[in-house]
Amino acid sequence: MNTDLMVNGQAQRLDADPRTTLLDALRNYLHLMGTKKGCDHGQCGACTVLVNGRRINSCLTLACMHDGDEIVTIEGIGGPDDLSALQQAFIAHDGFQCGYCTPGQICSATAMLDEIAAGWASHATKNVASLPGLTVEEISERMSGNLCRCSAYPNIIDAILEVAAGKEQS
Amino acid sequence: MSEGRYLRPQRLDEAVDALKGGGWNLVAGGTDHYPARVVEQRPEDILDLTGLTDLRGIGEFPDHFRIGALTRWTDLIEAPLPGWFDGLKQAAREVGGVQIQNRGTIAGNLCNASPAADGVPALLSLDASVELASAGGVRILPLADFILGNRKTARRPHELMTAILTPKPARPARARFLKLGARRYLVISIVMVAGLLEVEEGRVAGARLAVGSCSAGAQRLPALEAALTGQPADAGLAMLATPEHLAGLSPIDDIRADAGYRRDAALILVRRCLADLGGLR
């Protein structure tokens with residue numbers, strides 16, 4: 001069946017079996033290999049992409065359910081010549097070792113910073129009536145959907161905190 | 001190999017009409033649909049419910065709240081709701097990570113009927129009912145009568161859950177949810193406890209406690225609820241909970257914990273929940 005997707009600002013028509021996940025559609029049909037397949041059942045977050053501005057696991061959703069949706073993958077966040085602030089910070093802070101989880105981490109963190117800016121509370125937020133603070137605990141909780149088996153977490157959190165602090169000042 | 005049918009109705013009448021024929025697998029958030037199919041994709045007929053946008057959102061009525069079936073966990077977290085929803089909101093924040101909360105629906109959590117479904121204890125403590133629609137009309141069932149066992153519900157193949165209804169408590173109420181997993185985040189629950197207290201003049205005027213992951217479906221604790229009623233609403237409520245109050249649970253041994261551990265942990269979580277609820281001002 002045909003599905004129309006807007007991927008990284010470009011209109012794409014997909015012709016695939018309706019059981020094709022969004023992750024497989026991105027990788028195998030649209031050849032966007034930045035989105036990674038880790039566990040393939042929603043536990044690791046390596047396949048995180050943004051759909052209409054929200055972060056989701058692309059392995060847990062069917063491509064055909066996203067007809068008309070806007071999808072942003074790591075390729076849409078920035079490339080070698082136009083790295084986003086988070087991508088630069090991950091390099092500066094060594095926020096990876098093998099790098100397999102990194103596209104998912106960066107897509108997830110991109111959405112997370114927007115969520116914090118919108119004032120959403122998390123489970124770690126002590127007072128849900130106040131704006132969430134940018135603590136290590138808060139970032140860890142909000143990034144809990146992205147695993148890093150090399151355990152680069154301290155550097156990942158440093159990278160995110162740097163960008164978050166920059167956003168707060170601007 | 002046949003791909004199977006795929007249908008994405010935009011209106012409820014189209015959806016219930018399609019369901020008359022039977023044979024559909026209903027998919028909304030999909031967060032528990034695909035994990036079961038990673039090893040082997042098989043032909044199936046998918047009724048994609050995500051086009052039924054009228055079923056998403058939370059509405060307030062004079063005596064109850066109506067949570068549309070397609071309301072996602074994130075929608076619930078973001079919604080300005082009275083304090084007695086705090087337990088359900090706490091549960092929502094612990095359903096997987098944010099990526100899961102952005103897709104998973106509350107009705108999906110109920111229809112999936114996992115013994116470890118995080119939403120069930122909290123909704124039992126809210127005395128929730130579910131609304132089921134079919135071409136023949138609408139019926140409403142208490143949640144406790146809807147979940148029949150491990151992955152078994154009273155939903156008939158031609159029915160669709162359209163909403164979850166929660167009555168407004170008669171008196172000022174407070175609510176909490178506690179979950180124990182093998183680690184802090186992104187885990188399937190070993191034990192969960194949800195509690196709601198109605199408090200009047202410093203005493204418990206009504207209590208609803210529910211424990212999840214300790215039986216085929218989450219269970220209320222009626223003997224404990226009766227013992228709490230009339231007691232001073234303070235942290236001392238915790239010590240009123242005894243092992244006998246949990247006698248109705250039937251925890252199992254599985255890869256996440258053994259039955260004895262679950263029983264011990266359930267009592268501790270119930271006591272923590274009551275200490276927390278009693279200590280609130």
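Is R66(B) buried, partly exposed or exposed, and at what relative accessibility? R66(B) counts as partly exposed, at 27% relative accessibility. The model discussed here is predicted. The contact between its chains A and B buries about 3,000 Å², and the structure holds 22 salt bridges over all chains.

**Interface of chain A and chain B**

- Chain A brings 38 residues to the contact, and chain B brings 37 residues.
- Of the roughly 3,000 Å² that the two chains bury between them, 57% is on carbon and sulfur atoms.
- One salt bridge is found across this interface. It pairs R54(A) with E78(B), with 3.2 Å between the closest N and O atoms.
- Eight residue pairs are in polar contact between chain A and chain B, counting pairs with both residues at pLDDT 80 or more.
- On the side of chain A that touches chain B, at least two residues each come from β4 (54-57), α4 (102-117) and α5 (136-142).
- That side of chain A is made up of 12 nonpolar, 16 polar and 10 charged residues.

**Salt bridges within chain B**

- R66(B) and E131(B) meet through their side chains in a salt bridge, at 2.9 Å from N to O. The pair links distant parts of the chain, with R66(B) in strand β5 and E131(B) in strand β6 (residues 129-134), 65 residues apart.
- E198(B) forms a salt bridge with R171(B), and their closest N and O atoms are 3.1 Å apart. E198(B) belongs to strand β12 (residues 191-200) and R171(B) to the loop between β10 (160-167) and β11 (173-180), so the bridge ties together parts 27 residues apart in sequence.
- E198(B) is buried at 6% relative accessibility, while R171(B) is partly exposed with a relative accessible area of 30%.
- D45(B) and R5(B) also form a salt bridge, with an N to O distance of 3.1 Å. D45(B) sits in the loop between β2 (25-27) and β3 (46-48), and R5(B) in the segment before β1 (6-7), so this pair ties together parts that are 40 residues apart in sequence.
- R5(B) is partly exposed, with a relative accessible area of 42%.

**Salt-bridge network in chain A**

- D24(A), K37(A) and D40(A) are joined into one network by salt bridges that share partners.

**Aromatic pairs**

- F65(B) lies in strand β5 (residues 64-68) and F85(B) in the loop between α2 (73-78) and α3 (86-93), so the pair ties together parts 20 residues apart in sequence.
- F65(B) and F85(B) are both buried.
- Ring pairs also bring in W84(B), giving a cluster of F65(B), W84(B) and F85(B).

Terms used:
Residues numbered from 1 in each chain as written. Chains lettered and ligands numbered in written order. Predicted model: local features only at pLDDT ≥ 70, side-chain atom pairs only at ≥ 80, totals over all residues. Heavy atoms only, no water. Contact = heavy atoms within 4.5 Å. Buried area = accessible area lost by both parts, 1.4 Å probe. Salt bridge = Lys/Arg side-chain N within 4 Å of Asp/Glu carboxyl O. Polar contact = N/O pair within 3.5 Å; in protein donor to acceptor, adjacent residues only side chain to side chain. Helix = DSSP H or I, 4+ residues; strand = E, 2+ residues; numbered from the N terminus. Nonpolar A, V, L, I, M, F, W, Y, C, P; charged D, E, K, R; others polar. Buried < 20%, exposed > 50% of the residue type's maximum accessible area, 1.4 Å probe, protein only. Phe/Tyr/Trp six-rings, centres within 6.5 Å; stacked < 30°, edge-to-face > 60°.
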